[in-house]
Each structure stands twice: as structure tokens, then as C-alpha cells.
Amino acid sequence: MAEKLTVIAGCMFAGKSTELVRLFDLNRHASLKGQAFKASIDQRYGKPDKIVVHPQSDNGFECHIELPATGLPIEKPEELFGFLKPDTKFVAVDEVQFFNENIVPVVKTLLAKNIQVIVAGLPTDFRGEPFGQMPVLLTLADQITRLQAICKFEQDGKICGRPATRTQRLINGQPANFDDPIILVGGEESYTARCPDHHFVPGKPRVLFQSTKSKRE
């Protein structure tokens, strides 16, 4: 039976890494040997060699869930093969949106070797545009888990609280401009989750479809 590709997608603070850790542990409890990798650019929380869940500061405490694994971290997706063990049955990749286009053939190669692949990442960047190779991986996925966060937009002392599907980058408390660099690794100090109504990107071009009616002679 061919192994499957599972893609976990959602905005920041939606629980993607938590879900990846959960699936990783489920496979380990099933006596399957796995390895986990992440993009080396992600060195948040002083844990460059761990998969770490965002601190849960809203609950009054910080919780860093770490997933130790052989081969963390990697800069290029093809470096994964240098760490791959012969008895590995599944591979987990966190923050997959940071990898270049080679992540797609790497995933296909793993699947061809009958190795299950679980990836987690942002489907869109802070501008609301497709992020990296996530759109391609979503089309290849056998199983997709879409997660939502809670919109943290605040007005008159009230939090929106609706389901959030967008990642809002904030610079000094204000939305980042559309022309700002796409990649800026950060956490709660730079990003928040927003619903579509409260996701605002200054300078973003408006693309509106205008139908043209043909004139009949």
C-alpha cells in the first residue's frame, strides 16, 4: 500500500506544530520509526534544533513543547536524505513554507520509498498570498488538516474572537505594508491571527474582475 502525504495548514497560532507533534507521537506509539525536520531559518525561542509550539501566554504560563529528532535543522530540503535512516517509516517536516521548490520532489521521493510524510506550514503569507510550495503540497496531499486560530483584533476593549484564517504581521503595532519582505521569522511580537474582515495589508493591490460585454452588431 502506498504511503500517504498529510498536510497540516493554517495561519499562525492555529496549532499546526501541536498537531504535527500529536501525529508524530501517534506513529511512534504504533512502533513506527520516524524522523522530524524543520527549516534552519526558524530559531525562535532559542531552540534551533527543536520543533517548538508557540508559548501559551494567554493562559498565564509559557509552554514549549519540544519534539527532538535526528537531522534538525536543515537549510535545503534535499539535505534531509543525508540524515535519513534505513528503517525510517515516516518523516515530519515543520514550517515547510520556508523551503524552496525542491521540497516537492523530496516529498515525492520519500513517498516513492513508501515513507509516510507529514508536513505543517502556512498556506498564505502575511499578505494573504500563497506561501512557498504549500499550494503545490496541498494539491498532492492525501489528507489535509486545516486549522484555525482566534482573531485577536481588538476594538473598544473587545476581542473579535471569530475564527482566524489569516496571519497579520505587525510593525510597532501597525499592519506591515504589502511591499515588506515576505519572510520575517517571529512570534507574538511580530504576528497575530486575524479573521478575513480584520486582516488589513496597506498597499495591497486590489484585483477586481470586470466583465466586458461584447457588442452585437
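**Aromatic pairs**

Author: The count of aromatic pairs comes to three here. The rule takes rings of Phe, Tyr and Trp (its six-membered ring) with centres within 6.5 Å; planes under 30 degrees apart count as stacked, over 60 as edge-to-face and the rest as tilted. Keep in mind that this is a predicted model: local features need pLDDT of at least 70, side-chain atom pairs count only at pLDDT 80 or more, and totals for chains, interfaces and linings use all residues. Residues are numbered from 1 along each chain as its sequence is written, and side-chain values use heavy atoms, with hydrogens and water left out.

Reader: How do I describe a pair, and what is the case for Phe24 and Phe90?

Author: A pair of aromatic rings is described by the distance of the centres and the angle of the planes. For Phe24 and Phe90, the centres are 5.0 Å apart and the planes are at 70°, so this pair is edge-to-face. Phe24 belongs to helix α1 (residues 16–29) and Phe90 to strand β5, so the pair ties together parts 66 residues apart in sequence. Helices (H or I, at least four residues) and strands (E, at least two) are DSSP runs, numbered from the N terminus.

Reader: Is Phe24 buried or exposed?

Author: Buried means under 20% relative accessible area, exposed over 50%, partly exposed in between (1.4 Å probe, protein chains only). Phe24, at 2%, counts as buried. Phe90 is buried too, at 0%.

Now take another pair. The ring centres of Phe98 and Phe131 lie 6.1 Å apart, with planes at 85°, so this pair is edge-to-face. Phe98 is in the loop between β5 and α2, and Phe131 in the loop between β6 and α3, so parts 33 residues apart in sequence are tied together. Phe131 has a relative accessible area of 7% and is buried.

**A helix with a buried face**

Reader: Which residues of helix α2 are buried?

Author: First the general idea. An α-helix has 3.6 residues a turn, so residues three or four places apart point the same way. In α2 (residues 103–112), the buried residues are Ile103, Val104, Val106, Val107, Leu110 and Leu111. Down the axis of α2, they fall within an arc of 165° (taken from the directions from the helix axis to the C-beta atoms), so they line one face of the helix.

Reader: What do the buried residues of α2 pack against?

Author: They pack against β1 (5–10), β5 (90–94), β6 (116–121) and α3 (134–140). Contact means heavy atoms within 4.5 Å.

**A sheet**

Reader: In what order do the strands of the open sheet run?

Author: Strands of a sheet pair through backbone hydrogen bonds, either parallel or antiparallel. Here three strands form an open sheet in the order β13-β12-β14, with antiparallel pairing. The edge strands, β13 (174–175) and β14 (191–194), each pair on one side only. Two strands pair if DSSP finds at least two bridges between them. Strand β12 (residues 166–171) and β13 pair over two bridges. Leu170 stands opposite Pro175 in β13.

**Positive phi**

Reader: What is the phi of Asn172?

Author: Most residues other than glycine have a negative phi, and most peptide bonds are trans. Asn172 has a positive phi of about 55°. Its place is the loop between β12 and β13, and Asn172 is exposed at 78% relative accessible area. Phe13 also has a positive phi, near 70°. Phe13 sits in the loop between β1 and α1 and is partly exposed, at 26%. Just after α2, Asn114 takes a positive phi of about 60°.
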